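Reader: I am new to this structure and would like to know what stands behind the words used for it. Could you take me through them?

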Amino acid sequence: FLRALNTGAEQLFGYTCDELAGRTLGALMASPFREHHDSYIKAYLASGQHRMIGKVRRVTGQHRDGRHLPIDIELCEAVDDSIRRFVAFMTLAED
């Protein structure tokens, strides 16, 4: 679940960190990427097999006002004191 969002991401997507608290990263994606992301994370946590962790992929993000944004995203995992955390690096994609 989202715990932090930097000011650049707040500006890019039009949400504040507080508005997204408790939601998944999929909340910033348009369908079908939203559903794929959430199911991918569930499958990864259950099996440990990763296809996307540490790799940059292009998704369609969704601004609060409904506009679609081409986003490059890299999802990384960090474990500290047996607590698993995921960090996403997201940038507006340039074609």
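Author: Gladly! A nonpolar core is a set of buried Ala, Val, Leu, Ile, Met, Phe, Trp, Tyr and Cys residues joined through side-chain atoms within 4.5 Å, where buried means under 20% relative accessible area with a 1.4 Å probe, protein chains only, and exposed means over 50%. This is a predicted model, in which local features need pLDDT of at least 70, side-chain atom pairs count only at pLDDT 80 or more, and totals for chains, interfaces and linings use all residues. Residues are numbered from 1 along each chain as its sequence is written, and side-chain values use heavy atoms, without hydrogens and water.

Reader: Which residues of the largest nonpolar core touch the most other members?

Author: Of its 20 residues, these are Leu5, Phe13, Leu20, Leu25, Leu28, Ile71 and Ile73. The largest share, 4 residues, comes from β2.

Reader: What makes β1 and β2 paired strands?

Author: Strands are DSSP runs of E with at least two residues, helices are runs of H or I with at least four, and both are numbered from the N terminus. Two strands pair if DSSP finds at least two bridges between them. β1 and β2 (residues 68-80) are joined by 7 bridges and run antiparallel, so they meet that definition.

Reader: Why are β1 and β3 at the edges?

Author: The open sheet of 3 strands has the order β1-β2-β3. β1 (56-62) and β3 (83-92) each have a single partner strand, so one side of each lacks a neighbour in the sheet.

Reader: How do you know how the span of α3 compares with the expected one?

Author: The expected span is 1.5 Å times one less than the number of residues. α3 has 15 residues and reaches 21 Å from its first C-alpha to its last, close to the 21 Å expected.

Reader: What puts the buried residues of α3 on the same side?

Author: The buried residues are His37, Tyr40, Ile41 and Tyr44. They cover an arc of only 100° around the axis, taken from the directions from the helix axis to the C-beta atoms, and therefore share a side of α3. These residues pack against β1, β2 and β3, contact meaning heavy atoms within 4.5 Å. On the face turned away from the buried side, α3 carries the exposed residues Lys42 and Ala46.
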